[in-house]
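Hi,

Here is the model I promised to hand over. Please have a look at it first, and then read on for what I found.

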Amino acid sequence: MSTFASSRETTEGTIYSVTGGDWDQVASEIGSAKEERVVVNMGPQHPSTHGVLRLMLELEGETITELRCGIGYLHTGIEKNTEFRTWTQGVTFVTRMDYLSPLFNETTYCLGVEKLLGITNDVPERASVIRVMMMEFNRISSHMVALGTGALELGAITPMFFAFREREKVLDVFEKVSGLRMNMAYIRPGGVAQDLPDGTVAGIRELIKDLRKNFKDNAKLLIGNSIWIKRTKGVGYLDLAGCITLGVTGPVLRSTGMPWDLRKTQPYCGYENYDFDVITADTCDVYGRFLIRMQELEQSLRIIEQCCDKLDKLDGAPVMVADKKIAWPAQLSLGGDGLGNSLDHIRQIMGTSMEALIHHFKIVTEGFRVPAGQVYTPVESPRGELGAHLVSDGGTRPYRVHFRAPSFSNLQSTAAMCEGSLIADVVAAVASIDPVMGDVDR
Amino acid sequence: MSEQKGSFGIQGTGDTSGYGGLVRSSFSPTSAQKPYGSYFDEVTDELERAFPEFNDAIEKVVVDRGELTLHIKRQRLFDVAKTLRDTETLRFEVCLGVSGVHYPEDSQRELHAVYELLSMTHNRRMRLEVSTPESDPHIPSLVEVWAGTNWHEREAYDMFGIIFDGHPALTRILMPDDWPGHPQRKDYPLGGIAVEYVGATIPSPDNRRSYR
């Protein structure tokens, strides 16, 4: 018999390095061992662990007796870095945390900065409507990844193609509006970076029709699919008490029947002016969580439609606070060579107004001062409550930036969901939490 | 701020503005006077009723920007937290996490732990803040009250070196297990740290190659 799996003896027992194609050999060797307990390491490089999540599973046969998560492989020190950059530059950092829902990171951060500045009510309505519209599009693109990869990890490949086809169309909207498909740094303290280009709203109205039809087709692929139901129903069970004590929010909490959605319960960005439903399920399992995500797509489309109506009425209104001491001076525009400063703005500061040039230089390099204090601003991200805890000492840079990342808190519940279940159900349970490791590790 | 040297040409205070004007000062919010407004009076009154040693446990009540913060003596944190969770009129059943803050200028109170609480029952939010001296960085763990603070306390330990007494397994969570120091303290530089792997060392960016 050829030996694929190399083994070595440690104080904890024999350790096998499995490289694929050698499970039979490992199994046969373990079969002769006295102990039935096996510890299997899954990840951090594993296609079904959503990035670099490491799971340590203690098994008896195929049943998990203990599960632990190993995280930190994607820690990039974003919180520390923001302390060394201006408040506005912070947006560029935080957008990279949860890379599937960057606009939520930006919004929660900017709401925090605005609260510290005391200008929450001065943010123009058009800016808030654009924020809501972009966030709801982002919720769609994020849920599409959750549904597509979630299905892929359970062996269904087709939903992935369709989900990413829809997601691509949403990313095209982001590209048209902000110049970038991901990590846009589009939402800024005081408003948004630039107004919508001409024809955006009309294009979005067309897109909504497309998306609505395709979402229905996608849903048919999974809802009612007998394999899907067998892999997800009753799997990854976590009830309301478990969610509350572990601080779990988002679709996982709503799958226990709790209609907790910050957009309804503690509205921000004017969400109280929109008509939409909070989707819940009462199954407490993976099936319910995916069902919630599918139905939330339609609710997001409803909100976007209302945004379009509001945007038509607010055409030409400002998208940044009037205070020039806070508003970013550069009038960004989409030029032939990509995103840059508008030529009119360059002409003004370089050719006609020395004071405007000084102001531009000062606010871009030094930034604005933010009164001392601390705030916490939560938003409902696709994964749950995302909150920014910002501390200012009165300077031009944050004193402390901390993010209450929903993936981080929700991932804690993996052990509660999986212990006692079969090893194959771990993949379904983790997929239903939809953790983004950039959000977990920051 | 203490002297430090980091990557990307950062020296001294870490001021990248080019003005040398980055001054770090710790701020100490003033205690609010009753009435606090909003639901804050109700919360503090109810807590006072349910927790007789209220005046002994609370250092100050801060109301700022529409948010309520209770500064608590660390010895009484556990009891206050349990009261806030269990009293029916308070019912802060969710703890959203622990955020450490380092104030090197705040003598004998250098390390702060900030807890964001949420009551879904009453749709309210509030915040607990606890301080501890750097020389004795111990705060009681709240894992028994809110199991969800488990990882958050590990993160605060990892990043700030706050030791949460009674935590079931207080180990590093984001940094490698053998990492020296606590990276988010103010005296820890940004960058400029050589990263050691087993069998190899990657020098910090400022020690690699200079393009200046």
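A word on naming before anything else: helices (H or I, at least four residues) and strands (E, at least two) are DSSP runs, numbered from the N terminus. This is a predicted model, in which local features need pLDDT of at least 70 and side-chain atom pairs count only at pLDDT 80 or more, while totals for chains, interfaces and linings use all residues. Residues are numbered from 1 along each chain as its sequence is written, and chains are lettered from A and ligands numbered from 1 in the order in which they are written.

B:Ser204 sits in the segment after strand E9 (200–202) of chain B. With 16 other C-beta atoms within 10 Å, B:Ser204 is partly exposed; the scheme calls a residue buried at 20 or more such atoms within 10 Å, exposed at 12 or fewer, and partly exposed in between, with C-beta atoms placed from the backbone. The C-alpha atom of B:Ser204 is 5.1 Å from that of B:Ile193, eleven residues away along the chain.

Now chain A as a whole. It has 18 helices and twelve strands. Its radius of gyration is 24 Å, close to the 22 Å of the globule rule for 442 residues, so chain A is as compact as a globular protein of that length. That radius is taken over C-alpha atoms, and the rule is 2.2 Å times the number of residues to the power 0.38. The C-alpha trace spans about 85 × 45 × 45 Å along its principal axes, and 48% of the 442 residues count as buried. Of the contacts in chain A (C-beta atoms, placed from the backbone, within 7 Å) with a separation of 6 or more, 66% link residues 24 or more positions apart.

Chain A also has an open sheet of three strands in the order E3-E4-E5, with antiparallel pairing; two strands pair if DSSP finds at least two bridges between them. Its edge strands are E3 (37–42) and E5 (63–70) of chain A. E3(A) and E4(A) (residues 54–60) are joined by six bridges, and A:Met42 stands opposite A:Leu55. Helix H17 (residues 423–433) of chain A packs on this sheet, touching E4 and E5 of chain A, and its direction makes about 150° with that of E4(A). For that angle, axes are lines fitted to C-alpha atoms, for helices over the stretch in contact, and angles run from 0 to 180 degrees between N-to-C directions.

Where do the two chains meet? The contact takes 38 residues from chain B and 38 residues from chain A. On the chain B side, E3 (94–102), E4 (111–119) and H4 (149–160) each supply at least two residues, and E3(B) gives the largest share, six residues.

After H4(B) comes B:Gly161, with a positive phi near 75°.

Lastly, strands E1 (residues 58–64) and E2 (residues 67–72) of chain B run antiparallel, joined by six bridges. They form a hairpin with two residues between them, and B:Arg65 in the turn has a positive phi of about 55°. B:Ile58 has B:Ile72 as its bridge partner.

Best wishes

Methods:
Two residues are in contact if their C-beta atoms, placed from the backbone, lie within 7 Å.
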